[in-house]
Amino acid sequence: MPGRPIVLGFLVRRGVAAVLMLAIVSFVTFSIFFLIPRAMGQTPEGMATRYVGRDATPAAIQAAVKRLHLDDPILVQYGRFAAGIVVGVDYSLGPRKAECPAPCFGFSFNNNQPVWPTLMDRLPATISLAAGAAVIWLFAGVSIGVISALRRGSAVDRSAMTIALAGVSLPIYFTGLVALAVFAYALGIFPGGGSYYPITQDPRQWFQALVLPWISLAFLYAALYARLTRAGMLETMGEDYIRTARAKGLPERTVVTKHALRATLTPILTIFGLDLGLLLGGAVLTESTFSIPGIGKLVIDAIRGNDLPVVLGVTLFAALFIVLANLIVDVLYAVVDPRVRVT
């Protein structure tokens with residue numbers, strides 16, 4: 001088929017761009033955690049304390065410097081850092097060595113284990129939270145935005161935009177705590193925080209424990225999507241091709257769904273990909289508020305415990321999801337909007 005080479009070339013170019021972006025992200029992440037502290041005058045010994053704790057002995061600090069090669073030239077350190085992601089790396093733990101297989105996103109010396117398996121253990125909880133909330137906010141936000149645009153100036157429009165303004169303004173830790181106080185602890189309809197169970201162990205408990213986090217997280221994003229959809233629909237409904245479609249006698253439902261809404265979804269798709277990619281890297285506030293053992297909760301615990309490798313690994317992991325989300329969004333553009341060509 002003649003269109004297949006064009007699509008394949010498009011995917012190859014986007015894939016190469018994604019790989020280059022990941023390389024840039026790895027260098028930026030390395031710079032934040034290693035290069036900038038060195039440029040600001042931080043000594044290898046001072047950097048080593050972030051791995052062994054603030055109360056470590058001088059001997060333990062010197063051992064960490066040698067073990068992590070913090071006294072090597074900065075380019076050598078970055079080369080070892082990047083190679084670890086691709087092929088893995090071994091860490092010396094005194095009389096023995098600890099293997100960190102690829103992809104090595106760091107090694108937690110607090111837990112004596114690689115960061116990647118820890119991320120994989122926490123990922124299902126984060127995916128459960130982000131995917132469920134994404135379905136709710138996308139459906140609710142777009143639907144409310146379309147209805148508000150079609151009934152511009154009505155009581156429905158004003159009420160929806162007032163609620164949307166409240167949703168955008170209220171932080172998740174406020175709405176989450178209010179939801180817990182009312183529906184979990186006062187009314188007892190849903191379980192409280194810390195009641196999450198994996199879906200493989202108890203699907204019913206998994207669903208019940210995530211209802212409040214889903215709604216609380218979706219309330220914030222649905223409000224933003226409703227406002228964006230309304231603005232896009234109001235702009236699109238005044239275009240010439242919309243008037244032409246109506247002049248041809250097409251039903252109003254067809255005009256709205258197949259013409260106006262399809263064009264409006266292009267910027268919505270962009271934001272949705274970025275938001276979902278960011279949440280898959282860890283919904284920090286939501287997971288902390290509801291005590292969900294996901295990646296966001298992991299990074300908060302790592303910051304409190306001064307576990308720098310875990311913080312570094314989560315940063316790289318989140319960046320990976322965002323880059324992949326951008327790649328998927330680029331491909332879906334041509335599906336949502338026929339005016340976009342994959343060339």
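Me: What makes the lining of the largest cavity eight nonpolar, four polar and no charged residues by class?

Reply: The model is a predicted one, in which local features need pLDDT of at least 70, side-chain atom pairs count only at pLDDT 80 or more, and totals for chains, interfaces and linings use all residues. Residues are numbered from 1 along each chain as its sequence is written, and side-chain values use heavy atoms, with hydrogens and water left out. Ala, Val, Leu, Ile, Met, Phe, Trp, Tyr, Cys and Pro count as nonpolar, Asp, Glu, Lys and Arg as charged, and the others, Gly among them, as polar. The lining includes L180, P191 and F290, as well as G192 and S195, so the classes come out as eight nonpolar, four polar and no charged.

Me: Why is this space called a cavity?

Reply: On a 1 Å grid over the protein atoms alone, a cavity is a set of points where a 1.4 Å probe fits but cannot get out, and its lining residues have an atom within 4 Å of a point.

Me: What makes the crossing of α7 and α8 right-handed?

Reply: A crossing is right-handed if the near helix is turned clockwise from the far one by less than a right angle, and left-handed if anticlockwise, and the crossing of α7 and α8 is therefore called right-handed. The contact residues divide into eight nonpolar, three polar and no charged.

Technical notes: Helix = DSSP H or I, 4+ residues; strand = E, 2+ residues; numbered from the N terminus. 1 Å grid on protein atoms, 1.4 Å probe; cavity = no way out; pocket = protein on both sides within 12 Å on 5 of 7 lines; lining within 4 Å.
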